Amino acid sequence: MTREISVELQNVSKYYGTEKVVDEVSFSVEKGEIFVLIGPSGCGKTTTLKMINQLIPHTSGNILVNGVDVTKLDAVELRRSIGYVIQYIGLLPHLTIQENIAFVLKLTKKSKKEQNERALELVETVGLQANYLKRYPRELSGGQQQRVGVARALAANPDILLMDEPFGAVDPLTREQLQNELLRLQESIRKTIVFVTHDMQEAFKVGSRIGILRQGKLVCLGTPMEIVRSEDEFVKNFIGQGALFEVLDTIPVLRAIEKDIPIVSEKGKVDLSDEKLKGWENIFVTNDHGQCLGYISLDSLNQDGTFSAGQIEPLPAGCSPEVSVKQAVEEMLWKGKTWLPVISEDEGFKGIVLFSSCADLLAEDRR
Amino acid sequence: MEGVIGFFQYFWDIREMVAVLTVRHAWMALAGVVLGTLTAVPMGILISRKPKVGVYVIDFAGMLYTIPSLALLGFLLPFLGLGWLPTITALVIYSWLPVLRNTVTGILGVDPAAKEAAKGMGATPYQLLMNVELPLALPVIMAAIRTVAVLTVGITVMGALVGARGLGELIFQGISMMDNRTILAGTIPVSIMALSFDQLLGLLERKLKVVTSSA
């Protein structure tokens with residue numbers, strides 16, 4: 001199956017006078033992926049992004065959006081069809097949140113009713129309450145403002161979103177929260193996103209593919225796992241020592257979960273001849289509701305495999321299935337455990353994750 | 001005390017003349033402010049697009065601003081004759097510098113992020129001007145217009161010297177007759193007018209803000 005390409009750059013360059021800021025850059029962004037452009041300041045990443053919606057015209061090469069050369073399109077129409085989120089948010093201070101979100105619809109002269117309905121829909125999409133609609137940007141925190149910024153970019157329901165260091169101006173905690181929300185949102189909206197950042201951790205977290213720019217040249221392009229394995233000296237230095245560990249942040253813990261763990265019902269007894277028990281010291285006890293009551297050391301079982309409730313040891317605090325492998329590993333290191341139970345919000349027992357299998361994940365390729 | 005009562009008595013006696021002169025004074029000042037604003041704001045918008053060229057325009061307006069009002073009126077006299085025409089022309093010229101400068105400062109001072117976001121969302125240059133730049137520059141522009149309004153009411157007084165017939169007529173008459181009552185009869189309405197212009201423009205500013213934020 002051929003993948004659909006939403007944005008394509010073919011040997012694109014940008015000169016300011018004789019200075020080459022973007023140098024023969026080529027890449028294509030697949031429909032529905034988050035493509036991250038990263039590099040040190042002045043590497044041309046923002047310029048590259050802004051050439052896509054022609055805020056900055058390119059000097060040479062071709063830029064195709066949904067297969068059409070952008071120079072053949074009206075720049076205003078092009079921009080209206082692409083969502084745009086910037087670091088300094090740029091909400092209009094004299095307009096309410098509602099008017100800010102619906103700004104594109106106002107530009108395209110949509111009815112007031114449509115504007116208001118869309119604003120209401122989007123404010124909830126980005127996790128704000130409807131009562132924010134009548135407020136002004138200055139009454140919101142930085143994180144809330146950027147949510148509005150994202151909502152505004154989605155107003156005209158574009159297929160493509162350009163995000164220029166969207167979470168660069170908020171504190172680290174809020175940034176992480178916004179990243180998580182973006183990923184969750186992306187699950188449902190499936191936009192093609194070109195995302196510029198200078199934060200490698202962020203790139204690993206949100207990016208399905210990452211392009212590293214240096215002095216206007218694209219020096220490395222690939223999945224996070226391919227990037228961390230790059231032999232290029234600049235790339236190695238740029239992504240830093242901890243990069244491999246950061247990549248674990250992009251892998252959901254569910255991928256590292258042990259599926260074939262020994263389980264016994266609280267009312268049943270353990271079949272000690274079961275092959276499944278091999279290599280395990282403990283067996284997990286579940287009830288009829290899919291919850292885990294705890295575990296029993298195989299040694300402490302009665303001869304016939306029966307056990308009493310008193311023998312069950314309670315589970316240590318677990319992690320939710322939504323966390324990343326990195327978070328699970330951190331949790332284990334923090335608590336001095338070699339494994340963690342994974343427990344969903346409704347207390348359902350999803351299994352356990354072992355420290356060793358997390359380490360194994362690094363050895364295998366993601367694809 | 002007697003002096004005060006005497007003044008009111010005198011004021012009451014010439015009330016009809018004061019009323020006629022006040023109305024004339026008011027419309028000349030108003031015309032000056034309105035025409036000045038209508039010329040300076042668009043000029044300021046153009047200059048904000050080309051700040052490098054604009055510096056010279058602002059310098060020129062600044063040069064005009066330094067000409068004493070009496071000299072300017074005298075200079076306009078041979079071209080425009082006597083009466084309201086040279087007066088209003090002078091008022092317009094004096095309003096240029098503050099309004100022009102504040103329009104440029106206001107527009108150039110608009111948060112670049114707001115402009116970039118609006119442009120990135122597909123605002124045309126005209127939409128950008130009307131929806132972002134002018135509304136955000138409005139407080140700065142209005143501040144200049146209010147200053148100009150107060151200033152203009154004062155300068156209109158000089159118009160009396162070229163036969164424009166404003167409240168200046170009473171003031172200059174009072175000066176030549178060394179009659180403080182007549183001077184006051186002209187000065188007090190001038191002061192009240194200046195203050196009310198300022199207040200009315202303040203009201204207008206708030207109105208405009210509401211309009212731009214809901215449009």
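User: Let's start with A:K109. Is that residue buried or exposed?
Analyst: A:K109 is exposed, and its relative accessible area is 69%. Keep in mind that this is a predicted model.

User: Where does A:K109 sit in chain A?
Analyst: In a loop of chain A, between α4 (103-107) and α5 (112-125).

User: What about phi of A:K109?
Analyst: Phi of A:K109 is near 60 degrees. That is a positive value in a residue other than glycine.

User: Why point that out?
Analyst: Because most residues other than glycine have a negative phi.

User: Which loop holds A:N66?
Analyst: The loop between β4 (60-65) and β5 (68-69) of chain A. A:N66 has a positive phi too, about 50 degrees, and is not a glycine.

User: New topic. What are the domains of chain A?
Analyst: The domain assignment gives domain 1 (5-250) and domain 2 (256-364) of chain A.

User: How many residues does each put into the contact?
Analyst: Domain 1 of chain A puts in nine residues, and domain 2 of chain A puts in eleven residues.

User: And what separates the centres of the two domains?
Analyst: The centres of domain 1 and domain 2 of chain A are 41 Å apart, taken over C-alpha atoms.

User: How much area do domain 1 and domain 2 of chain A bury?
Analyst: About 810 Å² between them. Carbon and sulfur atoms carry 62% of that area.

User: Which residues of domain 1 lose the most area to domain 2?
Analyst: In chain A, they are A:F245, A:L248 and A:D249. Together they make up 62% of what the domain 1 side buries.

User: Which helix gives the most to that side?
Analyst: Helix α11 (residues 243-247) of chain A, with three residues. The side of domain 1 of chain A that touches domain 2 divides into four nonpolar, one polar and four charged residues.

User: How many salt bridges are there between the two domains?
Analyst: The count between domain 1 and domain 2 of chain A is zero.

User: Now chain B. How many helices and strands?
Analyst: Chain B has nine helices and zero strands.

User: What box does chain B fill?
Analyst: The C-alpha atoms of chain B fill roughly 70 × 40 × 20 Å along the principal axes.

User: What share of chain B is buried?
Analyst: Of the 215 residues in chain B, 47% are buried.

Notes: Residues numbered from 1 in each chain as written. Chains lettered and ligands numbered in written order. Predicted model: local features only at pLDDT ≥ 70, side-chain atom pairs only at ≥ 80, totals over all residues. Heavy atoms only, no water. Domains from an automatic or database assignment. Contact = heavy atoms within 4.5 Å. Buried area = accessible area lost by both parts, 1.4 Å probe. Salt bridge = Lys/Arg side-chain N within 4 Å of Asp/Glu carboxyl O. Helix = DSSP H or I, 4+ residues; strand = E, 2+ residues; numbered from the N terminus. Nonpolar A, V, L, I, M, F, W, Y, C, P; charged D, E, K, R; others polar. Buried < 20%, exposed > 50% of the residue type's maximum accessible area, 1.4 Å probe, protein only.
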